[in-house]
Every structure is written in C-alpha cells, then in structure tokens.
Amino acid sequence: MTSLSLMAGNCGRGRGGEDLGSQFGSHLQFGNEFLAGDSPISLFKNSNGIWWRDLGVSRTRRGHKLRVIVNVRKGKKHDYPWPDDIDSNTSAPLSYLSYFKPLTEKPKPVTLGFEKPLVDLEKKIIEVRRMADETGLDFSDQINALENKYQQALKDLYTHLTPIQRLNIARHPNRPTVLDHILNITEKWVEFHGDRAGYDDPAIVAGIGSMDSKSYMFIGHQKGRNTKENIARNFAMPTPHGYRKALRMMKYADHHDFPIITFVDTPGAFADLKSEELGQGEAIAQNLRTMFGLKVPIITVVTGEGGSGGALAIACANKLFMLENSAFYVASPEACAAILWKSSQAAPKAAEKLRITAQEHYRLRIADGIIPEPLGGAHADPAWTSAQIKYAIIQTMEELTKMNKEELVRHRMLKFRSIGIGGFREGIPAEPEKKRNMKASDINTNTTGDIESDLENLKKKILEAKGPSDPIALQTIEKLKRDLDEEITKAFISMGLQDKIEALKLELSKSPNRPSNQPLNQALKENADKIMVEFKQKFSRPGAYLGLKQKLDKLNMVSRLVEMKEKSEKLKAEINRSIPEEIKSKMEHFKRVQERLSKGDPMDANLAEEVVKAKMELEEVLKSANLEIVGVTKRAGGGIALPVSNENAEKVNEEIREEIERVVNKTGLGRKIEILRDEVAKGSSSDKVNDLVAEIKEGIVSAMDVTPLKEKIENLREELESLTEAVTEGEFGAKNGKW
C-alpha cells in the first residue's frame, strides 16, 4: 500500500487569526491502482485547487485557499533481487537472484487413496515406538518386523501400479518441482525473465545453470509447492507469454551454443479466453517449428505430467526421458472419460486405454529411457531422484555432443519420424497409398485376439468333431478364459473397485501361512462379499459392459458344449461296448451298401430285410443297456444330431403365413405388393424399391397381432433346447432311461 500524506498550508489566516493548517493534518491511504507510477501526483481538479467544501470541513473566508503537498512513499514490495540483510561474505550470491526460496514450513504429508493400507502399518510402528519410549522396554524385534513388513508391502504396492495410480503419484502435491531438480543438479543457476513483449509468465522458468563446469540452458514448467505458489504459478499452465519466453531462451542458447535441457510438468497450456486472443496455438506452433531447427543438443525430462501441446511445445528433443511414475498424454483421463463414457468415474479405464505411463511410451519408442524413482515416488527422496536425472542427462549429453550440428537436426527429425511400432524408416520405400493410410492395428491384428470370432469357431469345431474334443481347442478355451479375466480386471478398475481389492489382498498377505482350506475370518469375508455385491450391481446395470456380458455367455455356452460332447462320447463308448461284434460287422456292411445306394445302385429285397433285422437287433441291445429309443435321425457332417420336431415347426410357419395374408387382405397392402413386383421387374432404382419394402413391412408389423405367434415360437424354442439337452447330455428317466 502506498502512503499519501496531505499537509494543509494556509494562504491566509482564519477569522480568529488561527493557523488553519494546524486543524488539518490527517493521512489518507490510497491503493496502488490509483498511484501506479513514480511520478509526482497532483490532486488538483482545476486551477482553483481543493476548497474546504470539497474536504468536508467548515468553510473559510473568501480568498483563502488550501495548499496540498503530496509525498508518495512506496513500500518495499519484495526482497528481490537483494535483501537488506545480505551476507557480504556469501559464496552463493546467485541464490539471491531467484524468487524460489526454501519453504518456511515443511509440507504436510499427503496419503494417496491406494496408499491407505500402508497407513495402518505406519501407525503400528509409531505406537510400538511410543510404548518403548514410555515403558523403557525393548521392542526392537517387533519394530524391525513391522518395518520389514512395511517395506515389503510398499515394494509390492509400487511394483504393481495401475496407470491411474501412477498419474496420481505424478500429481502428488509434495512431488519435487522443476526448480527443485534444477537447484539440486546445478552448481550455479541464474534465472531469466520476460518474453520481451511486456510480460513474464511465472508458469515457465528459464535460465542458465552449470553442471560439471559446463553451462546449459534450463527451461521447464514450474508448479507451486503450496496453494499460494500454485496460484502464483497458475498451476504450471503457461500463457502465450510463457512459450514466447521459452522460445527466446532457446534462440539465445542456439546462438551461444548452450545445450538445452527442458523439464515437462504441466496439465496443459492455459486455455482461457485471453490466452486464445493472444495466440496460444500460434505460440505453441512457433515453438514446435523452431525446436526442430535448433542446432544444439536438446534433452527433455518429463518429471510429472505432460499434457498435450502445452507439454510438447518444449519437448521436441533429441532424447526424451520420463521419470518412472510420470505421465504423458494428449488428453487427461478425466477429460477422456467425460467425453467417451460421460462420467469422470471411468478415468481409470481411460488411463488404461490412453497408454499414458512411461513404460508404455518407452515400448512405443516415444520415450528413450525411464529414470527410476525411489519406492513411494520422487517425493520420498527428491535428492536421489535429482541425482538420477543428472546422471541420465550427463550420459546422454556425451552421446549427443559427438554429433555435428547437421547430424543433431537430422537425429531429432528421425526420432519423431520413427515413433511407434512400425513407424517410418529412412531409406525404405513406402508402401502404396491404399495400404499406407490403413491403421496399423487393422494390419497387425492377431486373429486369436478377437474373442467373439474365436468362440464362434470353437463352437463350430466342437459340434462338427467326430471324436473327443481337440486338445488344441481346449487350450484355446483356456487362453480365452485368461483374456476374459483380464477384461474383468479392467471392469473392476473402471468401477473404482481396484483400491478395495488391493486393500483386501494386503490384508490377506498379512497371514501368508494360513491353510488354503481354512475359511476367511468374518471381517475379510464381509469385505469380499461387499466387493462382489457392488461389482454385480454395477455389472448388471442395463446397457453396461454389453460386450463383456456377451463374451461370458458365449464362453459358458462353449464350455457347456465341451462338457456335453465329453458325456456324449463317453455314453457312445459304453453303448459300443454293449453291442456284439456280429451286429457291428452287419452295421459296417450296411454302411458300404448305403454308399453304393448313394451312387445309384439298386437295392434288392434280401438286403432290405437284413437292414430291418439288424435295426431290431440293435434296438434289443440298447434296451438291454437300460436305454429306450425314442427317435432315429440322420447325421449331417458327423456332428451331433438334434431330433427336431419338423411337424411343429411347419405348423408355426403356416400360422405365420396365414397371419401375414390376413393382414395384407385387411389393410389393402396387396396393391402395394403388386406395385413392388412391377418396380422390381422394371429394374427401378434401389432407393424406390427399398422405400416400398419398408412401407409394406411397417404396415404388416403395425397390423399384426404378434403376441400369440411369439408364444408359439418360444414354446418351439424350448422344445428344441430340451431335445438338444436330451441328445447331448444323455439324460435318463427316473424308472427307465431314454435315449
């Protein structure tokens, strides 16, 4: 706040000869918005000055005016660059040239959602230590056991992180910021400011620092360490001024041959109206184009999250490294889930599909390396993480400095041309345009990956198989079961149940010596039941997980077919053992005769009598095996024969035809059917024919009474299903078995 003193003087004397200046000695406070400059400020509205009536006091004699003298004393805004109490003998004067100062208070510990199972172990360790201090007893064995258990649980948790959990670690409030890493890895560091266009964006920091006596240009997104800093830094979301500041520093480094090190940690560019008016997209595009032409080595390290073009604007590098728990994405999982699934609750599923982790980027050749983090994340040991970053930079810089300027530019171009599996390869001719424009996933799709088509093929093979099920088919079913288990796991993640399952696993791991046949304790059983009830409720919602439901139904059907096939083969073997060899030889003879008859050879009367006699003998054998023949069918292609009631099916078809004829006669659709026939005969356009067909179908459906027909079709379907079960499963009656 700027202080403004008003001192009233007297051009004359009052009525009583008193000095009017002694009656006016107040001080008025005005904000900086009124006193923005350092120039003298005049409060006179006109040449007559300020009258007593304007100041709200008693009026003086005519001709006496008030003279106002204004002194503006600007208060100290901050201690930048030099504080008042600077140490003249300091060995690090550059530290005074930065806003970034050590925090006065230590950040509060923050526990992420999936880390809650570790909190209980921490509380137990603290409680045992407190008891040891209070009682003076030796609890070192118990403390060591708990600490080992905690370390093992921490290792198990952080070696099996899901993508959304890694993203939460990358967004951890206590995660080291870019300036933390820069100050940890440099011996000297001085920060530069401003885009030379009227503004200095605090969301992007840039400056020169030295490592091992060599100077580098450092540029990065800067998040805050607390709420106040985050607001000041705009949560590391740069405006166009920030990208133009980064561009100015890059050109400066290119001119002076300074290698460039960039750090990425931003949710994205600031997308407010003012930034768009100032050319946010143009500023990012300028950075992208310019970085590909810089003739100095460029290394990018993703320390937190990298969001879309806001991150890529300083990440067009020769080498890109990512911390183990960092993320790089084109859209945040929450935004992707809101677009595709209309709910941010599906963010875990979106994170899985987006492939945002460092491991996925390294596999797709986007990242050139993964920098390890300590267990618990980079915030668990910032100095160790910074040392790993420095080691990666130094090793990579030794490789890049061996290239000349033209090789550096070409190396950077080829890196981005070869991103992805099956990307562009220099010197190899491109395929024809028709193939080149196809999706890579459409070309390299593995046929076994399509679960639904595999299930259909397996069903067909099982039904057509003459003998027991093929072992290869059984192995394929097991593989499909494993694939479905993975999809079910993903469904658990999208439902938000992953943390509960991890907590349950952690509780189970606390008793590793529990026998497998011993039941769970009541609390664990209740937790498991609650998880399953919640899963079933969400899974059974109408319209949810339709693909997974269909695949589960088909897999169950295929598994049932395999089981029925095995039962059928077992029953067939038993029947074959019961048939005498004499009848078997006759059956083989009849098969050969049937083959001759199929070729057109005549059949004599004696052979016909032998066939009838053999059938009767076969029936006697089956009856002796406690089986009763209820029907005889022919097999097509050696598959399982289904005794279908043709009479009932024909009857239902006849009723459907009669109902359609009745509707046509009643509604007068016969005329339209005649017109349709004429149009088809004339070869009219397909659109006209399709319109007529749709109109006729709509009229028939609207006038038909389909309820009784549906009931008859359902009855026929149930009859077919019962016959199928009777043939394939070999069901027996209560008294006398039937086959």
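Q: What relative accessible area does Lys390 have?
A: Lys390 has 22%, so it is partly exposed (buried is under 20%, exposed over 50%, partly exposed in between, with a 1.4 Å probe and protein chains only). This is a predicted model, where local features need pLDDT of at least 70, side-chain atom pairs count only at 80 or more, and totals for chains, interfaces and linings use all residues. Residues are numbered from 1 along each chain as its sequence is written, and side-chain values use heavy atoms, leaving out hydrogens and water.

Q: Which side chain does Lys390 meet in a salt bridge?
A: That of Glu187, at 3.8 Å, N to O (a salt bridge is a Lys or Arg side-chain nitrogen within 4 Å of an Asp or Glu carboxyl oxygen). Lys390 sits in helix H14 (residues 382-400), and Glu187 in the loop between helix H5 (178-185) and strand E4 (188-192), 203 residues apart. Helices (H or I, at least four residues) and strands (E, at least two) are DSSP runs, numbered from the N terminus.

Q: And Glu187, what is its relative accessibility?
A: Glu187 is at 48%, so it counts as partly exposed.

Q: How many salt bridges in the whole structure?
A: The search finds 19.

Q: What about Arg129 and Glu147?
A: Their side chains form a salt bridge at 2.1 Å, N to O. Arg129 belongs to helix H2 (residues 116-135) and Glu147 to helix H3 (residues 140-158), 18 residues apart.

Q: Which residue does Glu282 pair with?
A: Arg244, with the closest N and O atoms 3.0 Å apart. Glu282 is in helix H9 (residues 280-291) and Arg244 in helix H7 (residues 240-256), so the pair ties together parts 38 residues apart in sequence.
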